[in-house]
Amino acid sequence: MQRRDFLKISAAGGAAAALEGCGNPDHQLIRFIPEEDLIPGLATWKPSICTLCPAGCGTLVRVMQGEAEVVRNGQLGILKMGLPKKIEGNPAHPINQGKLCPRGQAGLQVTYHPDRIKTPLARSGPRGSGQFKEITWDDALKQLVSQLTALQASKEEGRLSFLTSPLRGQRRTVLDNFVSAFKSAPPIEFEFFDNQVIRSANSQSFGYAALPTIDLGQSNYVISFGADFLGTWNSPVAQSIGYGHMRKGRPGQRAKFVQVESRVSQTGASADEFVPCPPGAEGMFALSLAHVILRDKLRPAASAGHAGSLIDGWAQGLPDYAPEKVEKQIGVPSTTIARIAREAAATAPAVALIGDAATAQTNGLFNALAVNALNSLLGSVGKPGGISFSPSWNSRPAASEANKGAANSIQKLAAQLQSGSDAAKVLLLYNANPVFATPAAWGVREAIEKVPFIASFGSFIDETSALGDLILPDHSPLESWLDDVPPSGSARTVVSLAPPAMNPLHNTRSMPDVLLDVAHQLGGDVAKALPWKTYDETLKATFTTLHKEKGSQSAKDPDEFWKKAQEQGGWWSADEKPLAPVAGKSSGSPMKNTAPQFDGSPEAFPFHFLPFASQMFYDGSLAHLPWMQEAPDPLSTVMWGTWIEINPRTAEKLNIQQGDVVEVASQHGKLQAPALVTPSIAPDVIAMPIGQGHENFTRYASGRGANPISILAPTTVVETGALAWAATRVKLARIGEGKIVMFGGSLTEQSPELKHR
Amino acid sequence: MAHQWGMVIDLDRCTGCEACVVACHAENNISTVGEDEAARGRAKHWIRVERYYEGEFPDVKTKFMPVLCQQCDAAPCEPVCPTFASYHTSEGLNGQVYNRCIGTRYCANACPYNVRFFNFYNPAWEKPLHLQLNPDVSVRSVGVMEKCTFCVQRIKAGEIQAAAEKRVVKDGEIQPACVQSCPTKAMVFGDLSDPQSEVSRLARSNRATKLLGELGTLPKVTYLQRDSWHGGEDS
């Protein structure tokens, strides 16, 4: 025994002995000897990785000494320990270069959340009742292992299902090894904003099933079709850095930014020109621009290469998309279309982007392919000021192919569970909340309820983990070994790595460590496939293979490399080597546009329903953070609530005033929320942020607002099976007076200083 | 000469993302007040993003403008304070001495920018959220007015560090939390008494304007107005 350990034990024992007999034992707190050396008042900065969205920004965590109530060896006590006080961007990290978005800033509250699950739990009431009792880790692991050995004994290994958010890096490897050695069903990856349509389109057009990396900083003309690239889409911090540069980072040179969508999004709000476009007509609009460029011989048709050949009529100059014809269908003047086309062609480098609602239509894949073709025609693919694809390292194309058909498979899972044949007997949940984030019409809740045994690794009880039988709480990200291979946002190869920024507060265990432990207890092939004792061992084993590559640090041996990478927050290549496009695989003949299909007839359901990513809550997974709840939404300034955006003309017709409670009904459900009358939305569209409407997600989010996903039609993008989440039609009715909490007060006013611009 | 801290906010870069708003909460121990108090106008955001719509869909123009304490040189909040809790520091900040404040709220009434916030209750953090508190910033109790300090704790730390190293504070070395987080680099902080500093250089821009400058408050925050595209067929 080391002297330090001896001191720790004797101090703990001594303190406990001294407190004995001092009244209520519940109030006795033991004082532990600090586990690390810290100087009071001095901050140290530790690298970490933001895990709150898929962008994968690198962070620096400001750690200072503080006193926390913690549990050690089953005893509650007070410990002087390093406590994270602030999260900043890591200036050395190629993705976010020292910057961070509001969500990343709030990451602290995930760790310190009062409703975090502090110890393993076993269900003690009926399923979904939310009644759990605390159990030990030994008991919890025993339960899980016995469930898994029972599957092995009855040769039903395939009836183990893993339902997870898309994983990258070594977590992915650990999971894959586990799954293949156990011979369970392939993991089902689920996230609401899975960008699967864009990956599919990019795979066909450019040969990479990945999100693009956009070189906005060097671009002179940007046309975005619905992509909220400054708020929530793709790699928003990296894109915002580029945006700042394209606006004012180059003296005398300022790009033009055109946004095409049916509701002014947070990104659209910064556009120089806003062009209204009916939902689903984005591809038609893009091809109309291409038509003008071809017609006026500003670029030869062949310059679009393979991406152009995927579009029906490309070689003939897209005769169906003359601006005069398109004007009749989408209402945008042909002169506007022609002007934008000529501007874009004359102002190189010009880049086109597509994302979010524009791809969440039944014809979403066509829209994305059309924009890809336009991009190729503009000549910006794989060039400075355009789009490229981030080089990946070693691994599978980070979260790309693997993620294909994610929404598809959750739908399949639901169907399979409902049918009963080969249905999962054991379901393991990790960081995914499909009960909240799938349309009620898919029946995911009902399907999951049928699984005989469900274990969740989540840190919080949410709508899905509430159905669990066993909760094995994960460390918070700041308490965990983290690694990541961001799929976009930098032209360098980026492999992020971070040791824990703090010791764990609660009686939790890191999910990959638990998986390794379970594998060893199972023995046999599974143990052989996961030979590492701890997760950081697996990280070191793969990470140090990088040490001879030319990159952000040089080291004489793998050990030194490993140490340096931990100090810096990872490794990134010295050179920018974005992947240039190659001819992708396409499915036979060139694609024709089909008119977007919407669920519900225009007569009975007169409005398009547009759910959108919330700047604060993203897909709803951050609604439990009080800083996010109280931060005013950038456009509506609403705090602690939700709202339904309605054009003033529509509101007038339906006699709806600001803050009135309105009911939105689709063919699949209805919800109520306060009305926000705003000039930022088309009269035939109503919009609603995703994020609120949690039934069960901590004290801050439960029972607050309504969830737009719940009333969506189960309509899918035809070719890929992804949820077409912007293809539902709804009707709208005023219910009565209500209230809406806004920080900014009245919505339309003149800015005092800015009116003359 | 003493430093004169100032800020420039480039509205052509600002996207209204509110990273500054949350960064400020995290840095300065600003308590959340909850839905009911927020509905009564008691939410405390030392920096906010104002959003302006002009026109009707689809010809609607949207503008964002982050507003924080303008650290006025002729600050209306200072002379009205009966206890000298609001005072002018030698480095040009509108200081707020919490333990002098008796909560008359005259300063908030006098301020034309609506950037002062009153603590109607003692702040509370549900355990263990209190562990997020920054030990460098005091927590304000009930009856006390609070506002943006330009992250004075960071300014002091930077000045002390520079003094210890026997050098002057380098331009850009000190960053308030909002500036540090801003993804588009719309916010620049620095010493206005140094004509070579980035903030001084930007404040001389022909896009420079002051918020409600006609009131004579002499703000030390300068806004650079949104620009427009200079190319195209109509120019």
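This is a predicted model: local features need pLDDT of at least 70, side-chain atom pairs count only at pLDDT 80 or more; totals for chains, interfaces and linings use all residues.
How many residues of chain A are in contact with chain B, and how many of chain B with chain A? The count is 69 residues of chain A against 64 residues of chain B.

Several elements give two or more residues to it, among them the strands β3 (58-72) and β4 (75-89) and the helices α7 (236-248), α11 and α20 (626-630) of chain A. The one that gives the most is α7(A), with 7 residues. By class, this side of chain A has 35 nonpolar, 17 polar and 17 charged residues.

Please keep α11 of chain A in mind, as it comes back in the next part. Helix α11 covers residues 334-346 of chain A, and it packs with helix α10, residues 323-330 of chain A. The angle between them is about 125 degrees, and their axes are 8 Å apart. Because of that angle, α10(A) counts as oblique to α11(A). Their crossing is right-handed. On the α10(A) side the contact is made by A:Pro323, A:Glu324, A:Val326 and A:Glu327, and on the α11(A) side by A:Ser334, A:Ile337 and A:Ala338. Sorted by class, that is 4 nonpolar, 1 polar and 2 charged residues.

Helix α10 of chain A has another partner, helix α8, residues 282-295 of chain A. Here the axes come within 10 Å and cross at roughly 160 degrees. This is why α8(A) is described as roughly antiparallel to α10(A). The crossing of α8(A) and α10(A) is left-handed. From α8(A), the residues A:Met284, A:Phe285, A:Ser288, A:His291 and A:Val292 meet A:Pro323, A:Val326, A:Gln329 and A:Ile330 of α10(A). This contact has 6 nonpolar and 3 polar residues, and no charged residues.

Is A:Pro323 buried or exposed? A:Pro323 has 23 C-beta neighbours inside 10 Å, so it counts as buried. Leaving out residues up to four places away in sequence, A:Pro323 touches A:Ser288, A:His291, A:Val292, A:Ser334, A:Ile337 and A:Ala338. Of these, A:His291 is 32 residues away along the chain, with 7.8 Å between the C-alpha atoms of A:His291 and A:Pro323.

In soluble globular proteins, nonpolar side chains tend to be buried together. In this model, the largest nonpolar core has 299 residues, and A:Leu289 and A:Ala373 have the most contacts inside it. Helix α12, residues 364-378 of chain A, gives the most to this core, with 10 residues. Apart from its neighbours within four places in sequence, A:Leu289 is in contact with A:Ile337, A:Ile340, A:Ala341, A:Ala344 and A:Leu374. Note that A:Ile337 is also among the residues touched by A:Pro323.

I will finish with one residue of chain B. B:Arg42 lies in the loop between α2 (34-39) and β2 (48-54) of chain B. With 15 C-beta neighbours inside 10 Å, B:Arg42 counts as partly exposed. What does B:Arg42 touch, beyond its neighbours within four places in sequence? The contacts are B:Val33, B:Glu37 and B:Phe120. As for B:Lys127, that residue is 85 residues from B:Arg42 in sequence, and 22 Å from it in space, C-alpha to C-alpha.

Technical notes: Residues are numbered from 1 along each chain as its sequence is written. Chains are lettered from A and ligands numbered from 1 in the order in which they are written. Axes are lines fitted to C-alpha atoms, for helices over the stretch in contact, and angles run from 0 to 180 degrees between N-to-C directions. Helices (H or I, at least four residues) and strands (E, at least two) are DSSP runs, numbered from the N terminus. Angles under 35 degrees count as roughly parallel, over 145 as roughly antiparallel, 65 to 115 as roughly perpendicular and the rest as oblique. A crossing is left-handed if the near helix is turned anticlockwise from the far one by less than a right angle, and right-handed if clockwise. Two residues are in contact if their C-beta atoms, placed from the backbone, lie within 7 Å. Ala, Val, Leu, Ile, Met, Phe, Trp, Tyr, Cys and Pro count as nonpolar, Asp, Glu, Lys and Arg as charged, and the others, Gly among them, as polar. A nonpolar core is a set of buried Ala, Val, Leu, Ile, Met, Phe, Trp, Tyr and Cys residues joined through C-beta atoms within 7 Å. A residue is buried if 20 or more other C-beta atoms lie within 10 Å of its own, exposed if 12 or fewer, and partly exposed in between; C-beta atoms are placed from the backbone.
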